[in-house]
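I opened a new notebook page for this one. My plan was to start with the whole chain and then go down to single residues.

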Amino acid sequence: MTERTADPRDPRPLLGEPLALDLLNTRWAGVPVNDLFAAPGGHAIWLSSAGLAGRCAADPAGLAALLEAREALAAAVRELDAGRLPGAVELAGLDVVLRHGRVRREASAAGPVDRVEVDEPHRLAAWLVVDDFLGLLARGPRRIRKCANEACILHFFDTSQNGRRRWCRMAVCGNRAKAARHYEKAKA
């Protein structure tokens with residue numbers, strides 16, 4: 001995968017999460033909910049931040065495939081947020097996306113090489129996202145978390161040593177929770 005550097009035009013509050021959660025986080029809290037893909041050029045901005053701009057075109061077909069993948073991820077993550085592992089129904093949408101591609105292993109002088117092949121070029125980003133999600137599930141489904149701030153809808157992959165991270169960003173959501181607790185104590 002290409003090196004990922006956030007596009008300076010990317011307005012999202014949480015960047016740098018694994019590819020699958022980065023796609024899920026293209027929607028974030030607001031009234032109404034903010035959606036990067038609803039903004040002009042949002043698809044191109046996401047591809048750039050995800051390190052996929054050189055491999056995937058920001059066209060309507062690619063956006064449709066990403067939206068399908070985002071909805072499939074959201075269904076699976078809702079189960080994780082509820083403390084359950086996704087079942088067959090929630091994973092079915094992921095399988096629909098995965099059916100459009102595969103990994104082909106090849107031998108090279110430098111060693112084995114994995115090449116992703118998709119049946120239509122516009123499906124590459126969506127396929128990579130769902131493949132990444134499966135990798136996260138394999139690493140630890142309980143580490144895929146929703147921010148503990150009730151008003152926040154962002155998700156992150158907990159890489160902390162003890163697996164106890166609670167906030168998407170401590171500087172924002174964590175501090176708000178601490179301030180609210182302090183306010184309640186001071187009122188009492």
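My entries follow in the order in which I looked things up.

**Entry 1: the whole chain**

I noted at the outset that this is a predicted model. I looked up the secondary structure and found six helices and six strands in the protein chain. Along the sequence I read the pattern α-β-β-α-α-α-β-β-α-β-β-α.

Next I checked the dimensions. The C-alpha atoms fill a box of roughly 65 × 35 × 35 Å along the principal axes. I compared the radius of gyration with the globule rule: for 188 residues a compact globule would be near 16 Å, and the protein chain has 18 Å, which agrees.

**Entry 2: burial, contacts, surface and charge**

I looked up burial and found that 40% of the 188 residues count as buried. For contacts, I took residues at least 6 apart in sequence; 49% of those contacts join residues at least 24 apart. The accessible surface comes to about 10400 Å², and carbon and sulfur atoms hold 55% of that area.

I then turned to charge. The chain carries 28 positive and 23 negative side chains. The centres of the two sets lie 8 Å apart.

**Entry 3: helix H2**

How many residues of H2 are buried? I found six of the eight, so H2 is largely enclosed by the rest of the structure. I listed the buried ones as Gly42, His43, Ile45, Trp46, Leu47 and Ser49. What do they pack against? I found helix H1 (19-24), H3 and helix H5 (124-139).

I picked out His43, which is found in H2, residues 42-49. His43 has 8% relative accessibility; the cut-off for buried is under 20%, so His43 counts as buried. Leaving out residues up to four places away in sequence, I found that His43 touches Phe37, Ala57, Ala58, Asp59, Gly62, Leu63 and Leu66.

**Entry 4: the aromatic pair**

I searched for aromatic pairs and found one in the structure. The ring centres of Phe37 and Trp46 are 6.3 Å apart and the planes stand at 80°, so I logged the pair as edge-to-face. Phe37 counts as buried, at 10% relative accessibility. Trp46 also counts as buried, at 0%. I noted that Phe37 turns up again among the contacts of His43, while Trp46 is one of the buried residues of H2.

**Entry 5: just past H2**

Which residue takes a positive phi just after H2? I found Gly51, with a phi of about 75°. Gly51 sits in the loop between H2 and helix H3 (60-81). At 9% relative accessibility, Gly51 counts as buried.

**Entry 6: a cis peptide bond**

I checked omega and logged a cis peptide bond that joins Val31 and Pro32. Omega there is about -5°. I placed Pro32 in the loop between strand S1 (27-28) and strand S2 (34-35).

Is Gln161 buried or exposed? I found Gln161 exposed, with a relative accessible area of 83%. Gln161 is in the loop between strand S6 (155-157) and helix H6 (170-187). I took one distance here as well: the C-alpha atoms of Gln161 and Ala138 are separated by 17 Å. The two residues are 23 apart along the chain.

Methods:
Residues are numbered from 1 along each chain as its sequence is written. This is a predicted model: local features need pLDDT of at least 70, side-chain atom pairs count only at pLDDT 80 or more; totals for chains, interfaces and linings use all residues. Side-chain values use heavy atoms; hydrogens and water are left out. Helices (H or I, at least four residues) and strands (E, at least two) are DSSP runs, numbered from the N terminus. The radius of gyration is taken over C-alpha atoms; the globule rule is 2.2 Å times the number of residues to the power 0.38. Buried means under 20% relative accessible area, exposed over 50%, partly exposed in between (1.4 Å probe, protein chains only). Contact means heavy atoms within 4.5 Å. Accessible areas come from the Shrake-Rupley method with a 1.4 Å probe; for residues, only the protein chains shown count as cover. Lys and Arg count as positive and Asp and Glu as negative; His and the chain ends are not counted. The place of a charge is taken as NZ of Lys, CZ of Arg, CG of Asp or CD of Glu. Rings of Phe, Tyr and Trp (its six-membered ring) pair if their centres lie within 6.5 Å; planes under 30 degrees apart count as stacked, over 60 as edge-to-face and the rest as tilted.
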